[in-house]
Amino acid sequence: AENGGRAGVNTGVSGAVNMHYYPALGVPGFEPVIGYSVSGTAGDDLVDYGVKMSFAGLSARFAIADSADNDTDTEMVSISYTFGPVKVAYDSISGQGGVADSEVDGIGVTYDFGAGVKAYAETSSANYDWNLTGDDVSYAVLSGETDNDLESQTIGVQYTTGGLTVFAETDSAEAIDGSDVDETTVGLK
């Protein structure tokens with residue numbers, strides 16, 4: 001959530017319809033949230049509990065998603081600190097898709113040059129393989145050595161003017177067989 005890396009990309013719920021309630025407690029910088037997600041896939045219903053705290057350039061989020069059909073909850077920690085043009089962020093998510101012992105951690109840095117130009121870099125490490133087939137994401141915790149984590153890196157730059165963003169980035173992701181998958185993307189948002 002704080003753009004630390006690929007850690008917060010997917011909670012394992014496909015096609016979810018989300019409802020969130022943000023009770024106002026009157027405490028500056030403190031935002032609790034309660035949510036419910038209904039999916040077209042049986043067992044993907046979730047109840048979410050979370051809190052966001054923000055003050056003096058620091059933003060921190062903590063959340064738990066309790067799946068109706070899994071014993072394993074999805075837990076997320078996301079922290080960022082902004083000072084001047086620099087933002088440093090850390091994301092961690094575990095239990096994605098109800099897979100016990102799964103863990104992804106990501107660290108990212110953004111530098112805002114001003115005039116709509118930003119550069120960014122991130123690195124992530126996962127102890128499980130996420131396989132994307134169509135719209136379905138499947139997860140499998142990697143076995144073996146503790147250094148058997150899959151790693152990915154992204155470096156990019158973007159220019160935003162009005163509602164248009166032009167970007168170029170290069171990605172390198174490690175596959176489960178140990179090979180690297182490299183990709184360069186140039187596009188518009």
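The side chain of Asp91 makes a polar contact with the side chain of Ser78 at 2.3 Å (a polar contact being a pair of N or O atoms within 3.5 Å, where, within protein, one must be able to donate a hydrogen and the other to accept it, and residues adjacent in sequence count only if both atoms are side-chain atoms). The structure is a predicted model, in which local features need pLDDT of at least 70, side-chain atom pairs count only at pLDDT 80 or more, and totals for chains, interfaces and linings use all residues. Residues are numbered from 1 along each chain as its sequence is written, and side-chain values use heavy atoms, with hydrogens and water left out.

Asp91 lies in strand β6 (strands, E, of at least two residues are DSSP runs, numbered from the N terminus). Asp91 is buried but has no salt bridge; buried means under 20% relative accessible area, exposed over 50%, and partly exposed in between, with a 1.4 Å probe and protein chains only. A salt bridge is a side-chain nitrogen of Lys or Arg within 4 Å of a carboxyl oxygen of Asp or Glu. The nearest side chain of opposite charge to Asp91 is that of Arg61, 7.1 Å away (Lys and Arg count as positive, Asp and Glu as negative; His and the chain ends are not counted).

A nonpolar patch on the surface is formed by Phe62, Val77, Ile79, Tyr81, Phe83, Val88, Tyr90, Ile107 and Val109, with about 700 Å² of accessible area together. Patches are made of residues with over 30% relative accessible area and no salt bridge; like charges are joined within 9 Å, and nonpolar side chains (Val, Leu, Ile, Met, Phe, Trp, Tyr) within 5 Å. Accessible areas come from the Shrake-Rupley method with a 1.4 Å probe, and for residues only the protein chains shown count as cover. At least two residues of the patch come from each of β5 (74-83), β6 (86-94) and β7 (103-114), and β5 gives the most, with four. Tyr81 is placed in β5 and counts as partly exposed because its relative accessibility is 40%.

Gly108 is in strand β7, and its relative accessibility of 2% makes it buried. Gly108 and Lys87 are 21 residues apart in sequence and 8.1 Å apart in space, C-alpha to C-alpha.

Most residues other than glycine have a negative phi. Ala56, in the loop between β3 (46-55) and β4 (58-67), has a positive phi of about 50°. Ala56 counts as exposed, at 70% relative accessibility. Ala115, in the loop between β7 and β8 (117-126), has a positive phi near 55° and is exposed, with a relative accessible area of 72%.
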